[in-house]
Amino acid sequence: MIVADKNRDARTVVVLAVLCAVLQLVLAPNLALGNGRANFALIFSALIAMLMGGARGVIAGFVSGLFFDLSTTGPVGLMAFCLTVSSYVLGMEGRDRMAGDFGTSVLLFIAADLGVSLVYHLAMLLVGQASSIIDVLFLRTLPTALLTFVFFLPFAYYFARVRAAGLNLGGRGDRGSHLNMRGL
């Protein structure tokens, strides 16, 4: 039996947005590795781009990037630009990429994570908020990318395995179901 849930995407976006916004405001400033902090706005935009693709991913990238910019001391619009571009690239091949190929999705996120972190921190060097290229590469970009990747993994696992497995409601593979009528 296929259950039609038309509001599932909207609920997913809202719950994920609220969760990532709270984590960005509460956890990210208080958990550092070197000068790097986790970027939950990138996690949100990448998940939406990989799950829903297309225009939704680009809009999520812009809005989450603008939220990041307004909640930090960096230049307004820089992270919005970075996340818009990364969401466009991640969402190019369509929707629900994570359920199909988890490994490729994680590798694409790692590439986007490193790219966004590098571009953002190089721009911070240009505006004078970083001291040297060594500081940018080894004390900001790599720790930020690592922390963001570590916090991305539980979300990715949920959307690739747990949520995708929940789509088999009442399928033939339910051996322990009380509705199993094989014995009759």
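Helix H2 is mostly covered in this predicted model: 13 of its 13 residues are buried (under 20% relative accessible area, with a 1.4 Å probe and protein chains only). Across the protein, buried residues make up 38% of the 184 residues. Because the model is predicted, local features need pLDDT of at least 70 and side-chain atom pairs count only at pLDDT 80 or more, while totals for chains, interfaces and linings use all residues. Residues are numbered from 1 along each chain as its sequence is written, and side-chain values use heavy atoms, leaving out hydrogens and water.

**Helix H2 and its ends**
- H2 covers residues 40-52 and reaches 18 Å from its first C-alpha to its last, close to the 18 Å expected at 1.5 Å a residue (1.5 Å times one less than its number of residues).
- At its start, a side-chain oxygen of Asn39 comes to within 3.2 Å of the backbone nitrogen of Ala41.
- Just after H2, Gly53 has a positive phi of about 65 degrees.

**H1 against H3**
- The axes (lines fitted to C-alpha atoms over the stretch in contact) of H1, residues 8-26, and H3, residues 54-71, come within 11 Å and cross at roughly 20 degrees.
- That makes H1 roughly parallel to H3 (angles under 35 degrees).
- Asp9, Ala21, Gln24 and Leu25 of H1 make the contact with Arg56, Phe67, Phe68 and Ser71 of H3, where contact means heavy atoms within 4.5 Å.

**Overall layout**
- You will find seven helices and two strands here, as DSSP runs (helices H or I, at least four residues; strands E, at least two).
- Along the sequence, the pattern is α-β-β-α-α-α-α-α-α.

Key: Buried means under 20% relative accessible area, exposed over 50%, partly exposed in between (1.4 Å probe, protein chains only). A polar contact is a pair of N or O atoms within 3.5 Å; within protein, one must be able to donate a hydrogen and the other to accept it, and residues adjacent in sequence count only if both atoms are side-chain atoms. Axes are lines fitted to C-alpha atoms, for helices over the stretch in contact, and angles run from 0 to 180 degrees between N-to-C directions. Angles under 35 degrees count as roughly parallel, over 145 as roughly antiparallel, 65 to 115 as roughly perpendicular and the rest as oblique.
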